Amino acid sequence: MTAHSIRPMSTTAVLILAAGRGTRLRSRLPKVLHRAGGDTLLGHVLGAARGAGFAAADIAVVAGFGAEQVRAALGAPAGAPQVIVQEPQLGTGHAVQVAAGWWRDYERLVVLNGDMPLLSAATVAALAGDGGVDDAAASEAAAVLATASPAEPRPYGRIIRHAAHPERVLAIVEDRQATPEQAQIRELNAGFYSFRTSTLGLALARLGRDNPHGEYYLTDVVALLAGAGEVVAALPLIDPDECLGVNDRAELAQLDRRLRRRKAAQLMAAGVSLENPETIDVDAGATAGMDTVIEPGVRLLGTTKIGENCRIGAGSILTDCELGDGVVVRPYSVLESARVEAGAQIGPFSRLRPGAVIGAAAHVGNFVEVKNTRLGARSKANHLTYLGDATVGEDTNIGAGAITCNYDGNHKHPTQIGSGSFVGSNATLVAPVTVGDGAFIAAASVITEDVPADALAVGRGRQQNKPGWAARRRRR
Ligand code: UD1
Ligand code: MG
């Protein structure tokens, strides 16, 4: 099997069917853009195709309902698979036919239902002819179908095999057209196929729509091919859940849990400890290094990348973050698009917003918000602080309640604080302003002018004590 390698010649293409609406989801979003396990359903299927070695140029997506949303979700045209619009949507056979101009020049076409996020790269590779079915059979076969025999019944197409040559498939009978006898067949059509394109084109042209939905069924191609004497082979899936689909929000939630469980198992196998793993959500694109411990209720979302030997405290949510080795995030911290360097400590109850960069061994404590700010190595902002659009040097202490006033109502302004400085509690730094290295700002100062290196800045009203005043007030 050559999964995970780039295939040398583009003789095989992948077509993903994603034009259906998914009526039972009751949504304005097309079914394939609903999310489970931290990616869209379509994203997972695409991931399987990419994982089998297919380049974007050899993958196309048939979209219909919400086609523009699908196009937008796939991203910039360069490097994204082509979107082919099927309008109206007259069935899975029609969807493949509408794309014929795109796949005609390939030798083989892999067709994947776009709503099955558990599909593996290995199955796509096997359908493409890289193992699974023996190569002679695969190259001889006009079609290869992935099939599944799950323990529980599903309303899927039933696989009808040749009585004398059971290795040959004769037809797929859709659930609603199955006779009571056919309905007993446990081998089901998974919804993943590969076809020789020359014969596929001829068979598609002969499809009818005489069925309860009045649609052109891709599955009817099988009987047409077999009837013309072509070989149709089956590829039984070891894991029948690879073709678990989504019809409503309850099934979406179940699939989400499954994908999360699978991801959790992968992380644990790679040496990450998950405490109470069923309470932890790790998106498909997130990773963590060896000996990192993830406490209950944590969510690692998007492209979050965590180093080795870290600890992520209970209830913390990290989105698109990068953490070095040995970072500790204490409970209930919320981090988004932030970078935290080795050995830094965050939380409990910290908030790192986009553009926060926390230097090595620095500390960010409770009720501290950091946005678009670099806090240098070993610097500390431990309590009740807001740092926005600031640069803080190394070994600087930011006292409790210190605030950068970065916004004047119209514009954002920068604050620069040097290394080895001390910003007293409740200091208010009105940006733009610069505090030099080694400077000292007295508590509760309002700093509106630059502070030179090594200076003391005091900017507050002087205290007055009025002897006996309080006692006189009480007597009144
Ligand atoms: C299909 C198969 C069935 C199989 C099952 C596995 C057919 C006729 N039946 O049924 O044998 O067991 O998948 O789940 O194919 N789509 C389009 N354009 C259309 C219609 C559908 O692109 O006009 C897309 C859908 O978005 C979906 C995929 O094709 O991603 C499958 O369509 P769906 O309606 O879900 O087919 P099933 O009824 O599940
Ligand atoms: Mg379906």
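By class, 14 nonpolar, 18 polar and eleven charged residues make up the lining of the largest pocket. Here Ala, Val, Leu, Ile, Met, Phe, Trp, Tyr, Cys and Pro count as nonpolar, Asp, Glu, Lys and Arg as charged, and the others, Gly among them, as polar. The model is predicted: local features need pLDDT of at least 70 and side-chain atom pairs pLDDT 80 or more, while totals for chains, interfaces and linings use all residues. Residues are numbered from 1 along each chain as its sequence is written, chains are lettered from A and ligands numbered from 1 in the order in which they are written, and side-chain values use heavy atoms, without hydrogens and water.

**Exercise 1.** Describe the largest pocket.

*Solution.* 
- Step 1: the volume is about 1,600 Å³. A pocket is found on a 1 Å grid over the protein atoms alone, as an open set of points for a 1.4 Å probe with protein on both sides within 12 Å along at least five of seven lines; lining residues have an atom within 4 Å of a point.
- Step 2: of the 43 lining residues, Lys-31, Thr-92, Asn-113, Asp-115 and Asn-247 are the closest to the centre.
- Step 3: the elements giving two or more residues to the lining are β1, α3, β10 and α10 (249–269). Helices (H or I, at least four residues) and strands (E, at least two) are DSSP runs, numbered from the N terminus.

**Exercise 2.** Locate ligand 1 and list its polar contacts with Leu-17, Thr-92 and Asn-189.

*Solution.* 
- Step 1: ligand 1 takes up the space of the largest pocket.
- Step 2: β1 (12–18), α3 (92–98) and β10 (188–196) each give two or more residues to the shell around ligand 1.
- Step 3: a polar contact is a pair of N or O atoms within 3.5 Å. An oxygen atom of ligand 1 lies 2.8 Å from a backbone N or O atom of Leu-17. For the side chain of Thr-92, the distance from an N or O atom to a ligand oxygen is 2.8 Å. A polar backbone atom of Asn-189 is 2.7 Å from an oxygen atom of ligand 1.

Definitions and conventions: A polar contact is a pair of N or O atoms within 3.5 Å; within protein, one must be able to donate a hydrogen and the other to accept it, and residues adjacent in sequence count only if both atoms are side-chain atoms. A molecule sits in a cavity or pocket if more than half of its atoms lie within 2 Å of its grid points. Grid points are joined across faces, edges and corners, and a volume is the space filled by probe spheres set on the points.
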